[in-house]
Amino acid sequence: MPKSQFVDPNELRKSGKIKFKDINVNQYSKSIEDEKKNFSKQQFMDIYTDMAIIREFETMLNAIKTTGQYNGIEYNHPGPAHLSIGQEASVVGQAYLLGVEDFIFGSHRSHGEILAKGLSAIAKLDEKSLMDIMETYFDGKILRVVEKFKRNDCVKELAVNFLIYGTLAEIFARETGFHRGLGGSMHAFFTPFGIYPNNAIVGGSADIATGAALFKKVNQKEGIVIANIGDASLGCGPVWEAMAFASMDQFTKLWEGAYKGGLPIIFNFFNNQYGMGGQTNGETMGYEFLARFGAGVNPEQMHAERIDGYNPLAVIDAIKRKKQILIDKKGPVLLDTVTYRFSGHSPSDASAYREKEEIEAWMKQDSLLTYRAQLIDAKVAVDDEFEKVLEMARNIMTETMKQAIDPDISPRMNLVSNPTAIEDLMFSNEKVEKMLDAEPSVTLKKEDEPRVQQIAKKIRYGYEDGKLVSKNKVYQYRDAVFEAINDKFYLDPTLVAYGEENRHWGGAFAVYRGLTEALPYNRIFNSPISEAAIVGTAVGYGLCGGRAIVELMYCDFLGRAGDEVFNQLPKWQAMSAGVLKMPVVVRVSVGAKYGAQHSQDWTSLVAHVPGLKVVFPVTPYDAKGLMNAALMGTDPVIFFESQRLYDVGELFHEGGVPTDYYEVEIGEPDIKRKGNDITILTVGATLYKALEAADILESKYGMTAEVIDARTIVPFNYEKVVESVKKTGRILLASDACERGSHLKDMAQTISELCFDYLDAPPVVIGARNWITPAAEYEKFFFPQAEWFVDAIHQKILPLKDHVSTQNYTENEQLRINKLGV
């Protein structure tokens, strides 16, 4: 806990009342006449033009999805199209004052946000900057398409065509899309304009955007961040976790200097009244006014306000005021932006859950009609001017659609001629020492750190004079992990570490002990117990250009961060076609002694998800080397650690753990003991049980086992294993993961296929029982023991003379437990 804060029982036990401030609802009341002093005619018309472009873009997609054609041009688009027809004023108003340094994150319904933010950026950037962006993005591939159809030399007009074409080509899965068609409708973005990823998962952008705001705060970058999510997302846990994370007191009470102050983020809820077919106000939620939620988050009530999203000027007014709050470091902010979608959740939605009269009532107040009428009444423009805008929008969409569906102009990725095109994007496999060129923020020189001085006195090899070095003298596994991370803090100024109990406590298992003295709050801090936000913010921090190492105290808590680990962290590099990097390490400890919800090995869960690197070092030498490699890379790494091993010394690398920098290559297994008669491949702490089993095999049965430590699960180079199996003809695989569904089964299958002609028996897998993890007193009946290895070999691979088994690995037993599901 923060040492500088005192929890006073006398204060906390006082009687009193919590008082809330009024929350403004649709308070904007200015007329066009009132706003003439703030907007020129051109600016008034630009707002209308942007709304018209967005309306026509969405109308085009709706026509394609529902009728198979637009303006006489036939096309079948099988992919999704969640349209925002009716919501144009809310997005144009929001984007109007934003610069490219301001980032927006969106949802599955964000075409309008992309276009509005892009059009705003084009209006603000000079011609040279625009040409630089278009020429350098994917080496000008998109620019070359739109240049062929330009009607004049106007760079701004060219940029508008570039924006609309790049977005549409992305939706249509074309290689000339903003990220080569790999993101599509629900994941489109364009970072040079400050348009960051939209998210197909409801509320998925909330914690990612919070991470982006954290990146700006920690690295002192200009601009604000807006998380654009829907009203129904308030039913999602990660949204609440994100708001709690963004509102942490430590930002204003414990962080110091330039880093002190609230996160620069607006949680903007496009409140279109529906979550698919569920009506939020009156059915699926109970808030009446969404804005009231801000009152429950912090004393400032998140500066919450409801605004009229059908009036673009009201939205501009609100963004101007809220942006200043963030500039003054008083964030976060919550906006309840009232709007309405005329179209269904998707074009296949017939809107049977709402009355026709309701839709018609909103259409009568359509912002394209009411704003236009207001400008005409105020004599800003005449009717013909608006008709010309609408005609221009239709012409742009017609021409852009022709380009986007032409297979010669806009081809799809050719997975026949280049079958590894997507495969090549799954990992970036880059090595970057520091993500930004700046001076790391530290409070002590590395050599002055007490922990560093303590470690310097330790013996870095586990044996001395043939005897094990005592635990209080030996360089331990936790020291190795610390050393790699600590070194990186002095090299990469962007590196941050956070999670549960990271500061003062020294991490849940003392890995971070000493970092509190060496680093300020803006580099290592405690987070809320919010696993989704811990990982989700790291995703946002990483894709904005920072490096994060976050900790989930127990492997079992991965479920609380399921979407972030399975859907967000692994996918953005490939979905962005390599535009984004994800230098994030998630530390996860595999427990023991703590029962069913704190002692599970879930390596197989994350190994199944494409896009994650998964490592599990079990020796100090490997832990430091693999952590160094993970922190040098630009890919997401799930870094498993066994709680059983934090105090073990290095028993294999005879030179001990080097003090200098080195890396263990991710994906390379290591032979821990040579042998000729059987290969044993282990994942995790079972290495040490395998070595005990090898001793039994050699002493009792004259068999020498070659013991290989996988070290990494994904990726995995099978060459050493194949070479070993060719020599021994037999292999046993073991880990502490429950045997059913274990990734070892997948590895065993691969080995069977690679080594079929050399195997004397099928590969055998042993793992933990398919039970709940029992109390510590029963663990020897649950996790693989040395005797289990020997019994499995005897019953399934090679009979051992006079051996008496204690475990049952017969075919009948295998049939029995599978039939019972245990």
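**Close-up views of a predicted model**

**View 1. Strands S13 and S15 in the predicted model.** Strand S13 (residues 496-499) and strand S15 (residues 548-552) run parallel and are joined by four bridges. Gly 499 has Glu 551 of S15 opposite.

**View 2. The open sheet that contains S13 and S15.** Seven strands make up this sheet, with mixed pairing, in the order S14-S13-S15-S16-S18-S17-S22. Strands S14 (524-526) and S22 (712-714) are at the edges; each has a single partner strand, so one side of each lacks a neighbour in the sheet. From one strand to the next, the twist averages 20 degrees.

**View 3. Helices H19 and H23 lying across strands of the sheet.** Helix H19 (residues 531-543) lies across S13, S15 and S16 (584-590), at about 170 degrees to S15. Helix H23 (residues 620-632) lies across S15, S16, S17 (613-615), S18 (637-642) and S22, and runs at about 160 degrees to S18.

**View 4. The aromatic pair Phe 190 and Phe 193.** The whole structure holds 38 aromatic pairs. In this one the ring centres are 4.9 Å apart and the planes are at 80 degrees, so the pair is edge-to-face. Phe 190 and Phe 193 are both buried.

**View 5. The aromatic pair Trp 255 and Phe 525.** With centres 5.4 Å apart and planes at 55 degrees, the pair is tilted. Trp 255 lies in the loop between helix H11 (250-253) and strand S6 (265-271), and Phe 525 in strand S14, so the pair ties together parts 270 residues apart in sequence. Trp 255 and Phe 525 are buried.

**View 6. Arginines over phenylalanine rings.** Arg 451 lies over the face of Phe 482, 4.3 Å from the ring centre. Arg 644 lies over the face of Phe 783, at 4.6 Å from the ring centre.

Conventions: Residues are numbered from 1 along each chain as its sequence is written. This is a predicted model: local features need pLDDT of at least 70, side-chain atom pairs count only at pLDDT 80 or more; totals for chains, interfaces and linings use all residues. Side-chain values use heavy atoms; hydrogens and water are left out. Two strands pair if DSSP finds at least two bridges between them. Helices (H or I, at least four residues) and strands (E, at least two) are DSSP runs, numbered from the N terminus. Axes are lines fitted to C-alpha atoms, for helices over the stretch in contact, and angles run from 0 to 180 degrees between N-to-C directions. Contact means heavy atoms within 4.5 Å. Rings of Phe, Tyr and Trp (its six-membered ring) pair if their centres lie within 6.5 Å; planes under 30 degrees apart count as stacked, over 60 as edge-to-face and the rest as tilted. Buried means under 20% relative accessible area, exposed over 50%, partly exposed in between (1.4 Å probe, protein chains only). A charge sits over a ring if NZ of Lys or CZ of Arg is within 6 Å of the ring centre and within 35 degrees of the ring normal.
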